[in-house]
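Please view the sequence and the structure together while reading.

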Amino acid sequence: MENFKVKDPNLAPKGELLIEWASMHMPVLNKIKERFEREKPLSGLIIGACLHVTKETAVLMETLMAGGATIALCGSNPLSTQDEVAAALAKRGVNVYAWRGETTEEYYWCIEQVTAYKPDITMDDGADLVSTIHAKKPELLSKIKGGTEETTTGVNRLRAMEKNGELKYPIIAVNDAYTKFLFDNRYGTGQSTIDGILRATNILLAGKTFVVCGYGWCGRGLALRAKGMGANVIVTEVNPLRALEAAMDGFRVMPIEKAAEIGDIFVTTTGNINVIRGEHMLKMKNGAILANSGHFNVEINLKDLEKIKKEKRTIKPNLEEYLLQNGRKVYLLAEGRLVNLAAAEGHPSEVMDMSFSNQALCVEYLVKEEKLPPKVYRVPEEIDEAVAKLKLESMGIKIDKLTEEQKRYLESWEMGTI
């Protein structure tokens with residue numbers, strides 16, 4: 001079996017530089033890598049990974065290889081692979097099957113190549129690898145000890161599988177670690193989404209009406225960053241608690257039907273399907289911009305957009321103009337895929353340092369644990385806290401410790417008002 005397929009192996013030297021740059025900003029993962037090199041906790045393990053093939057992912061792959069694992073890797077989005085990084089990983093011995101611009105058929109072909117390695121552990125970002133194994137490769141299930149899931153969308157899919165009794169091996173929801181969602185989802189998505197929008201359009205955000213669909217941690221981060229750049233932010237939600245929080249955070253909250261009439265930029269961050277539909281697009285201003293920062297390209301209804309268009313043309317990479325039947329134009333970024341990865345480079349290395357440190361330590365945890373029942377698990381608290389402590393240490397930040405008296409007070413009930 002060919003051990004890799006990438007766009008151009010000659011891009012490896014450029015990829016090496018990108019990986020070096022990312023590694024410099026990922027001190028926690030490098031500490032784990034140093035320990036893995038000494039202890040080899042993953043010796044003999046085959047890890048099948050379906051992740052965005054970026055420079056940060058490369059640092060994670062190197063950490064797992066340092067621990068003794070063999071890696072088979074494919075991309076978790078057809079447009080998110082950094083071809084230079086994929087080439088460098090192939091050169092370093094990773095069995096990588098990924099290139100930017102895969103068709104849907106090629107995307108799933110790459111996943112099939114990873115399953116051919118018969119992994120002991122899976123690592124997923126969106127649950128396409130796990131779902132493919134369950135649906136098409138059930139003979140592999142008995143060998144797999146467990147897996148990890150990186151993103152909200154994937155965790156939702158896996159919880160649905162668990163609820164229906166269809167999940168056949170344990171998965172740790174890395175997304176649910178505090179050191180993941182409080183930083184990666186909020187600060188990472190907020191910054192990288194705006195980075196992608198600006199690279200694709202070079203527009204001025206100040207003074208624009210910026211509509212954020214969904215106020216989970218990704219939406220919170222995006223609204224915060226858009227506000228910081230001078231945009232007037234509107235939030236749309238279906239959850240009353242999140243809508244209330246957005247209102248008290250100082251944002252206007254309204255239905256998408258109303259926001260469609262006044263927004264300049266629309267970004268979906270819900271993890272749900274058909275959030276922006278044809279009826280909303282037809283109400284939009286001439287020149288409105290549509291982008292998605294949810295995992296799959298289903299949040300903006302692209303079929304509706306195609307139905308109501310009169311003409312379509314590509315202005316430049318990641319920027320498509322749609323002339324609608326009502327004579328107005330709307331602009332779609334990155335084909336409706338993850339704008340932060342398709343039009344930019346994804347999250348900053350500093351936040352991926354924490355997310356991927358959780359990934360590495362959770363793989364080690366799965367290897368050491370006895371066979372767990374097939375459920376979706378939270379990241380163990382000790383791993384979450386260890387990552388936070390290492391991150392603070394790398395930033396030169398020291399914190400207080402509880403005194404013995406304070407510990408006793410927190411563990412007692414006798415003392416009340418004095």
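The following paragraphs treat the sheet, the helices and the cysteines in turn.

The model is predicted: local features need pLDDT of at least 70, side-chain atom pairs count only at pLDDT 80 or more, and totals for chains, interfaces and linings use all residues. Residues are numbered from 1 along each chain as its sequence is written, and side-chain values use heavy atoms, with hydrogens and water left out.

**Sheet**

Helices (H or I, at least four residues) and strands (E, at least two) are DSSP runs, numbered from the N terminus. Two strands are said to pair if DSSP finds at least two bridges between them. On that basis, eight strands form an open sheet of mixed pairing, in the order β9-β8-β7-β10-β11-β14-β13-β12. Its edge strands, each pairing on one side only, are β9 (252-253) and β12 (309-316).

The pairings described here are set out below.

| Strand pair | Sense | Bridges | Example of partners |
|---|---|---|---|
| β7 (209-213) and β10 (265-268) | parallel | four | Val-211 and Phe-266 |
| β12 and β13 | antiparallel | six | Glu-311 and Leu-323 |

Strand β13 (residues 319-324) is largely enclosed by the rest of the structure, because six of its six residues are buried; buried means under 20% relative accessible area, exposed over 50%, and partly exposed in between (1.4 Å probe, protein chains only). In a regular strand the side chains alternate between the two faces of the sheet. In β13 both faces are covered, with Leu-319, Glu-321 and Leu-323 buried on one side and Glu-320, Tyr-322 and Leu-324 buried on the other.

**Helices**

Axes are lines fitted to C-alpha atoms, for helices over the stretch in contact, and angles run from 0 to 180 degrees between N-to-C directions. Helix α9 (residues 217-228) lies across β7, β8 (232-236) and β10, and runs at about 170 degrees to β7.

Helix α5 (residues 104-115) packs with α6 at an angle of about 75 degrees, the axes being 10 Å apart. This makes α5 roughly perpendicular to α6, a class that covers angles of 65 to 115 degrees. Contact, meaning heavy atoms within 4.5 Å, involves residues of α5 including Tyr-107, Tyr-108 and Ile-111, and residues of α6 including Leu-129, Thr-132 and Ile-133.

In helix α7 (residues 152-163), the end C-alpha atoms of the twelve residues are 16 Å apart, which agrees with the 16 Å that they should span at 1.5 Å a residue; the expected span is 1.5 Å times one less than the number of residues. Thr-153, Gly-154, Val-155, Leu-158 and Met-161 are the buried residues of α7, and they pack against α6 (128-136), β5 (146-149), β6 (171-173) and β15 (376-378). Gly-165, with a positive phi near 75 degrees, follows α7.

**Cysteines**

A disulfide is a pair of cysteine sulfur atoms within 2.5 Å, and the count by this rule is zero. The sulfur of Cys-110 is too far from any other for a bond, because the closest cysteine sulfur, in Cys-74, is 6.5 Å away. Cys-213 is likewise in no disulfide, the nearest cysteine sulfur, that of Cys-218, being 13 Å away. Cys-110 counts as buried at 0% relative accessibility, and Cys-213 is buried with a relative accessible area of 0%.

How values were computed. Parallel < 35°, antiparallel > 145°, perpendicular 65-115°, else oblique.
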